[in-house]
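Please look over the sequence and the model first.

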Amino acid sequence: MIQDSRRVVLQPGFLLHHRPFRDSSLLLDVLTKDHGRLALVARGARSARSGLRGVLRPFLPLKLSWVQRSDLGTLTGAELDGRLLQLSGDVLLSGYYLNELLLHFLHRHDPQPEVYRAYRDTVTALGQSANTAAVLREFELELLRLLGYGVVTEEVPATEADLQRDAFYEYRPDQGPVRVQRTEGDLVFAGEDLIGIRDRRFDEPRVLRAAGRLLRALISHHLGGRELKSRKVLLDLHRGRARISGSKDERGA
């Protein structure tokens with residue numbers, strides 16, 4: 001709980017989520033550079049005369065000002081901080097997936113400047129890269145690392161030996177890769193694929209598929225099995241396209 005009144009002016013941030021609040025206001029979830037994730041009320045932001053209507057949108061780099069007297073702060077200003085980013089289609093859904101990840105993983109009032117920078121750079125990359133899935137895998141790996149859930153890339157337990165390319169491993173979320181004799185299973189991976197994930201060789205389709213399978217499982221584990229709505233929408237869309245085209249679509253989450 002925030003005890004003292006605090007005024008913050010022109011803090012870099014992004015809007016993660018908003019919803020109606022009372023008659024004409026919005027309740028905002030924002031990610032800020034130096035103050036972490038916050039809840040702010042934007043009074044009158046839904047009124048026709050509000051100057052905030054075109055500014056308070058996801059994926060726009062903003063400078064935010066607010067007064068914090070409790071867990072719920074009051075927005076006092078918002079302005080664009082940089083160029084306008086245009087995300088659409090699968091890329092837009094992928095952006096909402098990033099936002100949903102942060103809403104689930106980050107606690108309020110916990111400054112995470114490295115997470116902020118990773119998110120800012122990833123949003124920019126989404127607007128520029130033709131390989132959306134690779135951008136998402138990079139962010140997932142970095143987010144897990146920054147939050148202390150980094151992907152283990154040595155064989156465990158006991159020896160912590162280097163992974164062997166021609167061996168197979170079962171990845172156990174609370175331990176890491178354990179060498180096994182079988183070659184199939186939900187979290188069984190070839191050593192060469194885990195090495196590719198470690199080296200972030202996401203330009204290789206096989207490594208990209210393995211990374212998606214591993215990171216889906218790890219994120220689900222750390223979220224206690226909670227389903228991310230944006231990921232489900234993306235996967236459903238891609239499965240539908242795969243049925244139509246007869247091939248797998250590797251884009252998105």
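The model is predicted: local features need pLDDT of at least 70, side-chain atom pairs count only at pLDDT 80 or more, and totals for chains, interfaces and linings use all residues. Residues are numbered from 1 along each chain as its sequence is written, and side-chain values use heavy atoms, with hydrogens and water left out.

**Overall make-up**

- The chain has 6 helices and 8 strands; helices (H or I, at least four residues) and strands (E, at least two) are DSSP runs, numbered from the N terminus.
- Along the sequence, these elements follow the pattern β-β-β-β-β-α-α-α-β-β-β-α-α-α.
- The chain has 253 residues, and 48% of them count as buried (under 20% relative accessible area, with exposed over 50% and partly exposed in between; 1.4 Å probe, protein chains only).
- Among contacts (heavy atoms within 4.5 Å) with a separation of 6 or more, 56% join residues 24 or more positions apart.

**The barrel**

- A barrel is closed by 5 strands in the order 1-2-3-5-4, with mixed pairing; two strands pair if DSSP finds at least two bridges between them.
- On average, neighbouring strands of this sheet are turned by 55 degrees against each other, direction ignored.
- Strand 2 (residues 25-32) pairs with strand 3 (residues 36-42) in the antiparallel sense over 7 bridges.
- Thr32 has Gly36 of strand 3 as its bridge partner.

**Helices 1 and 2**

- Helix 1 (residues 89-105) lies across strand 1 (6-21), strand 2 and strand 3, at about 110 degrees to strand 1.
- Helix 2 (residues 113-126) lies across strand 1 and strand 2, at about 60 degrees to strand 1.
- Axes here are lines fitted to C-alpha atoms, for helices over the stretch in contact, and angles run from 0 to 180 degrees between N-to-C directions.
- The axes of helix 1 and helix 2 come within 10 Å and cross at roughly 170 degrees.
- Helix 1 and helix 2 are therefore roughly antiparallel to each other (over 145 degrees; under 35 is roughly parallel, 65 to 115 roughly perpendicular and the rest oblique).
- Residues making this contact include Val91, Leu98 and Leu102 of helix 1, and Val115, Tyr119 and Leu126 of helix 2.

**Nonpolar cores**

- A nonpolar core is a set of buried Ala, Val, Leu, Ile, Met, Phe, Trp, Tyr and Cys residues joined through side-chain atoms within 4.5 Å.
- The largest core has 48 residues, and those with the most contacts inside it are Leu101, Leu102, Tyr119, Phe139 and Ile197.
- Elements giving two or more residues to this core include strand 1, helix 1, helix 2 and helix 5 (205-222).
- Helix 3 gives the most to this core, with 9 residues.
- A second, separate core of 18 residues includes Ala42, Leu56, Trp66 and Ala78.

- Glu140 is found in helix 3, and Glu140 counts as buried because its relative accessibility is 1%.
- Leaving out residues up to four places away in sequence, Glu140 touches Tyr97, Leu101, Leu215, Ile219 and Arg231.
- Leu144 is found in helix 3 and counts as buried at 1% relative accessibility.
- Leu144 and Ile219 are 75 residues apart along the chain, and their C-alpha atoms are separated by 8.3 Å.
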